[in-house]
Structures are given as structure tokens and as C-alpha cells.
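Reader: I have the sequence and the coordinates open. Please take me through the chains, their contact and the packing of the helices, one question at a time.

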Amino acid sequence: MAQRVAIETWDPEYGVPSTEHPGEETDVVVDADVEIPVARWAPVVPGQGASAASLAFIDGVRRIDANAWLDDGTAPVRQGMFASFAAGAVHAADHARVDAIEVRRGLFAPGRPEPFTTKAGAYQPFGVAGPGPELLSAALQERLGALEIEVAGRLANGADLIVVDGPLYGRQHLPHTVGYIKTHRVHYLSGEAARTVAALAPGERTPLYRFRTSWTRHSWYLRLAGPMVHSWSGIVRLEAPAELSVDQCVALAELSSRALPRFASAPHKDPRAPQNLYPIAGLERELRRRLGDPRYVERALRAAAR
Amino acid sequence: MDEDHAVGRVLGTDDATPLSFWVALAPEQYLQLDDVVALERQLPDGNTVRIYGLVTQVRARHEGARFDSDVFLIEEGILPAEVSQAAEVLATRFEPEVFVPPLPGQRVHKAEGHDRDMALYFDGMAKRLPAGLTRDDEPLYANLEFLDGSRGAHVNISGISGVATKTTYATFLLFSLFRSGVLGGEAINTKALIYNVKGEDLLFLDRDNRDLDDANRERYERMGLAHGAFESVDFWASPRRDDIVAAPDVASRQTGVTSYFWTLAEFCADGLLPFVFADAEDDRQQYTIVIHNVVAKLRDVAAPLTDGGITIDGQTITEFDALARLIADRLQDETTVAEWAGRAIGQGTVNAFIRRLFGAVAHLKHLVRGDVPNPERHRIHRQAQVTVVDIHNLNDRAKRFVVGVTLRRAFDEKERAGVQRPLLFVVLDELNKYAPREGSSPIKEILVDMSERGRSLGIILIGAQQTASEVERRIVANSSLRVVGRLDAAEAGRDEYGFLPTVHRQRATILKPGTMILSQPELPIPLVTQFPFPSWATRASEAASIPSTGDPDDPFEGLG
């Protein structure tokens, strides 16, 4: 067969939405028979059920404002990190509006750092277990996740369906909430099940499957609208908590399959189209704006450190 | 400053300067064009500067949208975005005069009452002349000191015919002058001379307007004006052609109009001949020297008869064409030509003069004559407060003659009187015809003289034209008050309208009848002004009743 080339719709700076990393999460246990036996897998066309009257999308952004060196005279100099992060929600009913924005600034460092006040705001101290940028970054991500949960908790009863950007981990307890994953580092399905993903038409989903890595959840794939340049283009993966019954998860899958495709973005408007949904893109822009001008924040940090 | 009335805050994404700045509007608030706003800025030295301004532009946009088509996503509830509104303010005044920009974030509120008077300099106007209303029917004023000669004088009005309502606004200004009490005790002696150049619109100034509705009555009241008609008006119209009794040539009005003409005796004694020639003073024209010689000769040799006729060398002349023939005979006779035309005048030059003189005869025959008994009854006098001279039926050359002669007389009288008060207002439309930018003529000289010396003589020109670019610069430049109605786009872009900011130039192309842009010396920004429907009739169908004025020829009328 002659070589066939498809140009990915995502901007190269964002990587590739479907990347396989062989060897990662090797101990994945997949059960594809939860909704229908895997032998009978075929694309599921969403039914004509009730549609979600109101949706909420939740996302967070993080930015490293400056790397720093902390010196208290006793221990060796430690590497720390000043970061701003924010989480918020978009309510999409008749109109989409940004809601419940929370902005935080933090100083992440090993040990017990002290609060740090600047013209651009006060940085809360967050102690990290050990040295190294990876740990600092992980601590920041953890804080951001907690902030997203805080925002989501406030909206819990305000929407028929809550879509959280990223995996559901740590948020399984939220009602009618699904995780929304744009990139596919691992292909959890193989054989007939994987062929079903490739066969999805826009708006169609796969049957549910359950899988376990470090934690367990229900998941399914959905194809958004957009040009079909290759068999995985426009594919997103959704997650629902393992604690829910299969019927409850199917209801969420149905609801989200009906609701989400209309929010898919167009390639000329978003470098990560169609997976980066319009409300989430709008929310991210707003959140980044609320973080403040990076050069101003950096200047404030330098002035305060003097 | 009342913080509850803040409409928004100065925004910081555009430069704020002492001349102009943008205001972001708070939710549920709005500003519209021409709104007056005020704000305060504290200076580091503890002083407070109050900044006043006028809204000249208002914009609304989506924040959060990056593409034009995002509006559809936003309206469908897919993309989150906010509508933001902002208004551009041009500063009118700083109190005290510390020219600092307002700071982003400062509250801006709508200026009302005293603040509004401050913003528009009404507080410093000792004599305020109501000049119209804003869109929300708040009165706007002009400073009388810039109209009555104390600090400036003259009004110039530009705008497209039919839409710009130039004459109506000029008459409204007169009405306001006479009715507002701004002239005090002088109002009774202040006079106006109006030329009716188009239709018979101005022949009903003395009658109430039947079509005036309550809303417009209220608008007059808001300006402190008692609505109604002009109280004391004389109407003068040209006589019908070939009419032996010289009945006035008007169609819509039967009574109260007197016809005017000049006697041959006046024509010779007062030297009116130059006004027959529109381009008499054009230096390139050789024959102008002939005109001046003939004028001198006529003054010399013409002896008056009782009914305005003359005798020259024993020959009785009662008609203008007979006079023209006599002049032509003398100029063509080799024995008299040197005496009448001057020495060393070529035959070609003499012929050019004669050709032009005969060209005018047909148009002026009924205006210069000696064949009607009691000609003094037809001599325009300005006894009434308002004198309307109708010239709309006349040919261009005859129009120039009438305007030129009457203006000259008014000017001479004022000059002779030697006192500035009482004032005489002269309303003249189609200035481009009488004082064109190019060339020179006797009328233009008078008008330029009037615009330059009228301020001290007490003769105030309210001139109007379609296009200021075609009118003598000095006349426009000497006008303190400049008014613009609807302009066409090409005209609005010319230098003559440099006093209009860009936005006002654009707006001038879409102004509706009844709306004018008024520029006065004290205000750095022109005001968009509306004036109410005339409370005097502007056509026969609007005239409420027969005027109560008696015989228009009664010189004691109105003196009670």
C-alpha cells in the first residue's frame, strides 16, 4: 500500500492529540464488556433523549511566574518556584458566561517557605516534600486540581452536566460530572474495540468500557465534528466514575454525546480544533487574562525580592 | 461629585489625554452622543481638577471574541464573552486650568445642572441667547457678546438647500433675540432686515403657525421663549412687471405687502448704476472706468421731476430703458463720448459697457422707474422691527441690484448715525452669489466691509450659503458663530469646516432638518443643536389668521 499522509489539525506546538507511549501504564486492565459484549461492539448513535439544558465546563490554567532561590542562612540554598494559577467555569445555557473564577498565587519550595507579598498580590507558601523542578511542578498541579474541585463543588447543582477538562481523578465524587480528555497518550483498546473507534462517525460514541490503572473509571470515545483527515481525528475520550452504575454512566455518555459536538471548535479559530471546545478555550483565555500581565508580575516579584 | 450617578470609569486600554479620553460604561448604564460628562482628579499637591467633556463617539464590542464570526458562537451560547461599551469624550473645560489627563479607573458621571453649565461655559455667559435644544430638550445657549459686537459678531450658516433649514434657523435666532429678553430694553429698537430669496416662505413671519403642536410649544418654553409670530414685520416685494400701478408681485399673500422700486432720480443722485453691473469692480474689465464716469455725469446732469422721473438736457425720462438709450446715445456720439465715458476710452470698451447696460434693462425696468405717482410709498424703509425684502421672483442680476442697493443704504445710514446701538441684523442667504470667493463686485465690497466693520457699526450679518468654500474667506472668518446643517460629504471635508472635529464632519452628512451644529468661540467643541418647529407660519397653509397689524405703511404702527 502506498504511503498515505494526513496532516494533523493541531498546531505542532501543542503536540499531537493521539500519541502512543509504549510502556507507559503497562498494568492497565481493560474490561470492554460492561455495556455490551466486546464481540458486538459497534458505533453508538446517541438516542433522542432529553438534552442538557445547562452545561458547565471547568478548567484551570497555571503559569510559572519566576524560579527562585531561597536562602535562610542555615540550610543550603533551595530552589523554589513562584506560580500563578486559576480555575473557573463556563455556564452554557442560553448564553455562555464565565463564572466562579478563582485566582491563586503560590510560592512552592521544599521545607517551610514563608508568605511573600508583592505589588501584584501575595504568594501563599506551599511546602514541597523534596528538591527538584519535577516535584515543584507536581505540587503546583496538585494545587490547581484542588482549586478546580473547589470551583466545581460550587457549581454542583447548577448544571445538568459538568465537563471537567482532563482526567476525573480526584473528582469522582462530583455529581453528573465527566472528565474530558483531548489527547490520547495510551490506546486502551485493541482489536475489534479499537476498530470501532476508527469507525465512529461524527457525533457517535463507542460503548462503555471500564479500565483500571492506579484507579478505576468508566470511559468511552466520542468523535466530534470536523474534517476526518485520519481515523483518529476529532476523537476525544470521556470518563465517568467507577462508583456509578453502568446505567448511570450510559445516561451520562448519552447526555454528553448529544451535548458536546456543538461546542467543537473550527480549525481556523483554535490550534487544537476540534477537541479544544469553544467554552474551554474562551475560559482559558479569560483565566490567563486574570493571572495578570506576566511581565508586570515578574517585575513586582523582582521589586519585592530586592 | 455624586458617586451614585457614575456612568462608568475612564478606561486604561486607550490613552487618556487632556484633550480626549475613553470611558468604559458600567453595566446598565449608557451614554449617547452629545451627552455632557464630568469627573474629578486629585492632584498630588492636594488640589482637585474638575474635567468636563462632551461625548463624541460611543462604541460597543465583544470582549473575549477574536474573530468576526465569534459573534454567532456567542449568541448561540457556545463561546463565553461579554459586551463592553465605551464612550469617547472630548474635553471642553478644566477647572482650574491644569491640563492633566484623567486617570484610568476614575469615575465619570453625567453632568447635570450646574456641572452641565460649567462644561458648556454657560455659567460664564452674562447674556445667554437660547440657540436651540439638545436631543433630550435641554436648552443650549450662545454667548450674546459674540453676536452683538462686544467681543465678536456675525453668524455664518452652511448647508445643503432644502435639508439644512438654514433660513429657518436664521429666523429662529432672530426670534430668540427678540423674544428671550437677552437684549433687554434694546429689543424694541433692534431691527432686522431679511431677504426672502426662495419661495414665499418668509412672507408669513407675522402669523402664528397653525401646525405648532404642544410638544413644540413646550420646547419653546424650555428655552424661556414665548412662542408665537414676529410682532412687527413689514413686507416688501418687487412690483409686477408691466404693471402700471406697481402692485407687489407675490402670489400667496394679498395684504400687508408693499412693492418697492427706486426712482430714476434716486438712481442718478445716489449713484446706483454700479449695482447694475455684477462684475463692475473686476479690474480686468476695462469698462468699469466708464461706469464711474457715467455715474458722475448722471449725478451732475439729471434733474429730478415730481414722480421720480428726471430731465437730462431738457429731455424728460420716466423709464429705465429710456435712460439706458440716452446714455448709449451720448456714448456713441463723438461729440459727447469724452464727456460721458472719460478721455481716451476705446470704442470697444464703450461697446462692452453698452452691451451690459442693455442686458440689464429688461430685468431692472420695473425696479428703476419714474412713472408711478407717490414713489416715496415704494421706498423701502425699516420702521418695523423686521423688514422682509422679497427678491425670489427676480433674475440674478436684479437680485444683486436690490441686495446691493439696500445693503448700501443700511450701511450708510448706520455709518452716518455713528452709534453702534440699536443693532441691525441682516439675514442674507445665498452668500456665494453676493460675495463669491473669486473676483470683486460692489456688493461683495459692502459685505466684506460689513463683516469687518459691522461689529463696531452695530450691523450684524447672519449670512448663509450651501457651501462655505465658495464664499469670500474674510466673511466666513469674521463670523463668531458658525453653524452647519446637512453638508454633502465632499464639502464636509474641506478646510472651511476645520472647526468641526472629524466625528462632527461625519455627522454633518447625516443631519436631519431641524438639527444644526453650532460652533462658538468660547467652546472648543461645536454643539449639536436642535431647534423647534417654527411658531410663525412659513407658508400660507400654516398661517393661523389675518395679521392684526394695520396698514403696513403706517409709520407710527407699533409705537402705541
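Author: A definition comes before the helix packing: axes are lines fitted to C-alpha atoms, for helices over the stretch in contact, and angles run from 0 to 180 degrees between N-to-C directions. The model is predicted.

Reader: How are helix 10 and helix 12 of chain B oriented relative to each other?

Author: Helix 10 of chain B covers residues 396-417 and helix 12 of chain B covers residues 442-457. Their axes come within 10 Å and cross at roughly 30 degrees. Angles under 35 degrees count as roughly parallel. Helix 10 of chain B and helix 12 of chain B are therefore roughly parallel.

Reader: Is the crossing of helix 10 of chain B with helix 12 of chain B left-handed or right-handed?

Author: The handedness describes how helix 10 of chain B passes helix 12 of chain B. That crossing is left-handed.

Reader: How many residues of the contact of helix 10 of chain B with helix 12 of chain B are nonpolar, polar and charged?

Author: Helix 10 of chain B contributes residues including B:Val403, B:Leu407, B:Phe411 and B:Arg400. From helix 12 of chain B come B:Pro442, B:Ile443, B:Ile446, B:Met450 and B:Leu457. The contact divides into 8 nonpolar, 1 polar and 4 charged.

Reader: Which residue in strand 16 of chain B is the bridge partner of B:Thr311?

Author: Strand 15 and strand 16 of chain B pair in the antiparallel sense. The bridge partner of B:Thr311 in strand 16 is B:Thr316.

Reader: Which element gives the largest share of the side of chain A that touches chain B?

Author: The contact takes 17 residues from chain A and 8 residues from chain B. On the chain A side, strand 3 (78-92), strand 4 (96-110) and helix 4 (278-290) each give two or more residues. That side divides into 9 nonpolar, 2 polar and 6 charged residues. The largest share, 6 residues, comes from helix 4 of chain A.

Reader: What is the radius of gyration of chain A?

Author: Chain A has 5 helices and 11 strands, and its C-alpha atoms fill a box of roughly 65 × 45 × 40 Å along the principal axes. For 306 residues the globule rule gives 19 Å, and the value for chain A is close to that, so chain A is as compact as a globular protein of that length. The radius of gyration of chain A is 21 Å.

Key:
Residues numbered from 1 in each chain as written. Chains lettered and ligands numbered in written order. Predicted model: local features only at pLDDT ≥ 70, side-chain atom pairs only at ≥ 80, totals over all residues. Pairing = 2+ DSSP bridges. Helix = DSSP H or I, 4+ residues; strand = E, 2+ residues; numbered from the N terminus. Contact = placed C-beta atoms within 7 Å. Nonpolar A, V, L, I, M, F, W, Y, C, P; charged D, E, K, R; others polar. Parallel < 35°, antiparallel > 145°, perpendicular 65-115°, else oblique. Left-handed = near helix turned anticlockwise from the far one by under 90°. Rg over C-alpha atoms; globule rule 2.2 N^0.38 Å.
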